Amino acid sequence: MTATKGVSVNRRRFMVGAAGYTFAIAAGIPEFLSARTASAAAGARQTVMNAWVTLSTDGTVFIMSPATEMGQGSLTALPVILADEMDADWSRVQVVPAPPDDKLYGNPRFANAMYTAGSATVTGYFTPMRQFGAQVRYVLVENAARHWNVPMAEVSTEPGVAIHLKSGRRLAYGEIAAFVRVPDKAPEVALEPLESARFRLIGTDIGRIDVPGKVNGSAQYSIDVQVPGMIYGAILRQPVEGAVPDEIGDTAARKIEGVIGIVPLDYGVGVLADSPWAAFKGKNALETTWNRKARGWSYSSSGAFEAFARVANDPVRKGIEWDAKGDVHAALKRAARVVEREYRADYAYHAQMEPLNSVAAVSPAGDAVEIWCGTQSQTTAVAAVAKALNIPESKVTFNGMLMGGGFGRRGNRDVEFIVDSVLMSKAARRPVKVIWTREDDVRNGRFRPLYVNRLRAGLDQSGSIIAWHHRVVCDRVLAFMDPVRYAVSKGRDNIAMRGTEIPTYDIGERLAEGLQEDTGMRTAPLRAIGVGQNAFANEVFMDEIAEQLGVDPVEFRLRNLKNAPRARRVVEEAARMANWGTQRNGRGLGFAYLDYSGTQLAGVAEVSVDRT
Amino acid sequence: MGKITVPLNVNGTRRVVTAEDDTPLLWVLRENLKLTGTRFGCGVGQCGACTVHLDGRPTQSCLYAIRDLAGRSVTTIEGLSADSTHPLQKAWLAEQVPQCGYCQSGQIMRAAGLLKENPRPTRDQIVEYMSPNLCRCGTYVRIVRAIQRAAREA
């Protein structure tokens, strides 16, 4: 691999890299890294190349990964990108979860917060990771050239080795580490444009680093953490958001063997015990009454379906425009025929396999804390913990653990289960592991909202869709899960509305509008956020229009994807793989297509109906 | 009610534990014995994440109170092999089965029970036998593939 002229890199990111060289962790091996580098060979020395790479004289390459891991693989994917550009030997790479430091490790896609979500990790970090890898490679090549006293241009690399081809001399990266001089300023290295870049690692099948521990039980989720002197906590949480305990009846709970103490909280009641089992029993024995002021008390989801449907059908109620093209109302008026349908979806629970839990060890004086938790956002976890204890963020030691599923339930505002452990540890003056039971996890869920989707399509004489009007009525999500972003959103609820856009379908006039209701319910993103329900409504509607017209559903989609060649190919290929058109005995096929952030997807389900 | 002391054979070693008599085996393994590879998913025998072998048979460890287990033998994921070389573990790696991984100890322990009873299961037999164990990430297709591979290569 050789460094050549190429794309220019965002200046700000580059300067972050430069800061990494000059100031950030220049003085020796930082504490969070020293535990990891202990795995290098005895006697090996480590050199911090930049904020992302530490090189050991034994050849080990430590690469930071800012991504959190919930099974999606980005803890591995990001270091692969860097290692590729650095031309590192992947078998010698050790991945180190990056510590919370937004300036160094934040995702530009999320205003530089450390937050793994929204399919934004590889896309957000791709170019910066390449840049940092290229800089390290440049420094290694420069040092090898100086060592051999040859021009830099004569030095190339193979994985983990610098090579002087003319003389056949080779220096392993670990050997260079023994004498490397790291410049004060990050070198400016241009990246090869993607069209011509040749990658050694990207595009190959690389085992995820978290998999070996997941086949022998050694993988560490926060629920597995053991801290000396640790006790356990369970929390009886408010039945609806905003409810406050009126009276706490804890006589029975206190009598349970193993229960150590009862902790009144603003939002519920905590039980401290010497085992999880005793904590759960204590929680179940609490008799608590709640004030009835919170909005959610009077709410019923079955009533909400009817109420939402009325809103969807009320022409006076204008929604907030989410996605629009042309004048849909005029187009519907001139349509030869209008098809109209309603689709409903109930609240959806994340059901991540690991119930929410967290471990905290608050210092006896309450002025510092160490936490162990599974979170998609290091940034908001640390901020919430600091706020709960009213201490600076620098006093929070954060340990990000593997997540037994995320799906949006360990997102950037899902900090309540982490705060639980902090408040309980503060009260106990000991380390506490708080575990939610499965029942707690369901009752205290933050759900994908309840939806009523109302769709109208206008067809011309030939059966082409000329207008597409989508009204989405559901609980508001953004206002609950991210009030900061909501404040600047002008009511445009991206979490609720995503998936209503239909960029690839060839429809002249369209409108998607949101009517989000404040119901007092807890809501959250869930896998691909609004896309799950909104794209479901779109695609079932496509089927129903096709049926009205007597057209095959795949053929109908292809007719409406005239100007989207990638989409057509995906639809055609999925249909081919499924032997679409071949009759099944007692079974039928269903088809769906989706443009998800530019990724083209098609799926076929083979189903039977059991009428017994 | 009250604390009792119970001898168990865990992964081939005699262990004596003291816990509330109604404590499920799951919590004794995880918090008393620090064998945290056996995972808590639901506590009511609905998900299979806590599957271990009790006297050689796949069993949901959240359903057995410690007072009923004196002298019984328990094998956990940590005891399936010393070095991840059980044919199922090798197959799990080769097929890169886990995503979040949280259910996988239970999946592997259940699959080990299957292969012990039936070294050459058909696909339908695999699906049927594995049905008590849930995976929220949806790794089922790879689980079936890995069990078929282990049966083939064992």
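Start by selecting domain 2 and domain 3 of chain A: their C-alpha centres lie 37 Å apart. Where they meet, the contact takes eight residues from domain 2 of chain A and eight from domain 3 of chain A, a contact being two residues whose C-beta atoms, placed from the backbone, lie within 7 Å. Colour the domain 2 side of that contact by class and you get two nonpolar, three polar and three charged residues. The classes go like this: Ala, Val, Leu, Ile, Met, Phe, Trp, Tyr, Cys and Pro are nonpolar, Asp, Glu, Lys and Arg are charged, and the others, Gly among them, are polar.

Before going further, keep in mind that this is a predicted model, in which local features need pLDDT of at least 70 and side-chain atom pairs count only at pLDDT 80 or more, while totals for chains, interfaces and linings use all residues. For your selections, residues are numbered from 1 along each chain as its sequence is written, and chains are lettered from A and ligands numbered from 1 in the order in which they are written. The model scores ipTM 0.98 and pTM 0.93.

**Chain A, zoomed out**

Colour chain A by domain: domain 1 is 11-211, domain 2 is 222-293 + 351-443, domain 3 is 301-348 + 447-551, and domain 4 is 552-612. These bounds come from an automatic or database domain assignment. Switch to cartoon and chain A shows 20 helices and 23 strands, counted as DSSP runs (helices are H or I with at least four residues, strands are E with at least two) and numbered from the N terminus. The radius of gyration of chain A is 28 Å, close to the 25 Å that the globule rule gives for 612 residues, so chain A is as compact as a globular protein of that length. That radius is taken over C-alpha atoms, and the rule is 2.2 Å times the number of residues to the power 0.38. Along the principal axes, the C-alpha atoms of chain A fill a box of roughly 80 × 70 × 50 Å.

Of the 612 residues of chain A, 48% count as buried. Buried takes 20 or more other C-beta atoms within 10 Å of a residue's own, exposed is 12 or fewer, and partly exposed is in between, with C-beta atoms placed from the backbone.

**Into the cores**

Next, select A:Val369, A:Ile371, A:Val385, A:Ile418, A:Val422 and B:Ile108: these have the most contacts inside the largest nonpolar core, which has 102 residues. Such a core is a set of buried Ala, Val, Leu, Ile, Met, Phe, Trp, Tyr and Cys residues joined through C-beta atoms within 7 Å. Helix 13 of chain A (residues 416-428) gives the largest share of this core, seven residues. Centre on A:Val422; leaving out residues up to four places away in sequence, its contacts include A:Val369, A:Ile371 and A:Val385. A second, separate core has 55 residues, among them A:Trp468, A:Val472, A:Ile495 and A:Val531.

**Loop stops**

Go to A:Gly406, in the loop between strand 17 (396-400) and helix 13 of chain A. A:Gly406 is buried, with 24 other C-beta atoms within 10 Å. Not counting residues up to four places away in sequence, A:Gly406 touches A:Met70, A:Gln352 and A:Gln376.

Now for two asparagines. Most residues other than glycine have a negative phi. A:Asn112 is not a glycine, yet has a positive phi of about 70°; look for A:Asn112 in the loop between helix 4 (102-105) and helix 5 (121-148) of chain A. With 18 C-beta neighbours inside 10 Å, A:Asn112 counts as partly exposed. Over in chain B, B:Asn11 has a positive phi of about 50° and lies in the loop between strand 1 (3-10) and strand 2 of chain B. B:Asn11 counts as buried, with 20 C-beta neighbours inside 10 Å.

Chain B has a mean pLDDT of 97, and 99% of its residues reach 70 or more; pLDDT is the predictor's confidence in each residue, from 0 to 100.

Last stop: show both chains. Here 36 residues of chain B are in contact with 34 residues of chain A. On the chain B side, those residues divide into 17 nonpolar, 14 polar and five charged.
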